[in-house]
Amino acid sequence: MGGRGKIGIGTLVLVLVAMYFGIDPSVVLDTATMVQPPAIESSQPGVPRSAAEDELARFTSRVLADTEDTWGPIFQSGGRQYQEPKLVLYTGVTRSACGVGQAQMGPFYCPADGKVYLDLSFFDDLHRRFGAPGDFAQAYVIAHEVGHHVQNLLGISDKVQQARQRLSEREANQLSVRLELQADCLAGVWAYHADRTRQVLEQGDVDEALRAATAIGDDRIQKQAQGYAVPDSFTHGSAAQRVRWFRVGLDQGDLRACDTFSVAAL
């Protein structure tokens with residue numbers, strides 16, 4: 001990606017490692033932590049949801065709470081307090097501190113307000129359009145957005161955004177890919193610790209997540225939309241890259257393994 005693209009990103013690795021202060025996170029994660037119920041907002045307060053939307057709200061609430069059970073102790077092990085993100089469920093269009101969010105954008109995280117935005121129709125699209133059904137496929141998507149929240153709390157998002165402003169479009173896209181793949185890896189870290197401490201994984205769950213990661217790779221989406229892929233325009237990573245980095249987090253459960261910024265090949 002070139003010297004400019006790396007933006008001295010070794011500092012980002014130091015940020016991650018500094019969280020541990022030499023502490024094995026598994027020691028902390030072996031102790032149950034009490035957390036507050038996750039905060040869920042509606043972009044249309046007072047508008048009743050359908051039974052299916054209510055079930056989706058309950059499911060996303062459970063997943064969000066479980067991510068807090070993981071990230072809270074990890075941050076605590078580094079002497080920091082984890083600030084839980086809020087979840088906003090919407091239909092069609094919503095406003096955020098990052099601008100207008102629309103259903104076709106898919107789930108997104110806004111660093112400016114610390115909220116995860118999820119259109120209520122997305123998981124149906126994940127199943128029907130992308131061929132990636134299953135509860136854990138959905139959980140992976142939520143955990144990926146929470147991974148962006150972790151990046152924001154660590155200051156990684158700001159550093160990457162500042163660097164992107166100094167780069168060409170191609171280089172800025174490459175940096176965005178590394179940010180997104182790190183969020184995939186952090187989703188894997190959550191799954192590792194959630195299963196280790198709370199046995200959340202059932203047979204077939206990992207396959208569901210990997211199918212979702214494959215389905216929403218930039219190459220797969222571009223080929224579906226236009227028949228071919230343009231790697232220089234990728235902003236989230238190819239299907240193979242997304243699968244690889246989720247696997248890295250899932251297999252190792254270590255934030256230090258999620259350094260997508262220093263490796264030459266993604």
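Analyst: Number the bonded cysteines of the protein chain in sequence order, and the pairing reads 1-2, 3-4. This is a predicted model. Searching the whole structure turns up two disulfides.

Start with the pair Cys-98 and Cys-110. Their sulfur atoms lie 2.1 Å apart, and the two residues form a disulfide. The link of Cys-98 and Cys-110 is right-handed, with 90° about the S-S bond. This pair links distant parts of the chain, 12 residues apart. Cys-98 sits in the loop between β3 (93–96) and β4 (99–102). Cys-110 belongs to strand β5, residues 108–110.

The cut-offs matter here: buried means under 20%, exposed means over 50%, and partly exposed is in between. Cys-110 has a relative accessible area of 0%, so Cys-110 is buried.

Now the other bridge. Cys-185 is joined to Cys-258 by a disulfide, S to S 2.1 Å. Which hand does this disulfide have? The torsion about the S-S bond of Cys-185 and Cys-258 is about -75°, so this disulfide is left-handed. Here too the pair links distant parts of the chain, with Cys-185 and Cys-258 73 residues apart. Cys-185 is in helix α8, residues 169–198. Cys-258 lies in the segment after α11 (239–252). Cys-185 is buried because its relative accessibility is 0%. Cys-258 counts as buried because its relative accessibility is 0%.

One further residue, Asn-152, deserves a look. Asn-152 is found in helix α6, which covers residues 135–154. Its relative accessibility is 17%, so Asn-152 counts as buried; the cut-off for that label is under 20%. What does Asn-152 touch, leaving aside its neighbours within four places in sequence? Its contacts are Tyr-109, Pro-111 and Ser-157. With Pro-111 there is a polar approach: a polar atom of the Asn-152 side chain lies 3.3 Å from the backbone oxygen of Pro-111.

To put the bridges side by side: Cys-98 to Cys-110 is right-handed, whereas Cys-185 to Cys-258 is left-handed.

Conventions. Residues numbered from 1 in each chain as written. Predicted model: local features only at pLDDT ≥ 70, side-chain atom pairs only at ≥ 80, totals over all residues. Heavy atoms only, no water. Helix = DSSP H or I, 4+ residues; strand = E, 2+ residues; numbered from the N terminus. Buried < 20%, exposed > 50% of the residue type's maximum accessible area, 1.4 Å probe, protein only. Polar contact = N/O pair within 3.5 Å; in protein donor to acceptor, adjacent residues only side chain to side chain. Contact = heavy atoms within 4.5 Å. Disulfide = S-S within 2.5 Å.
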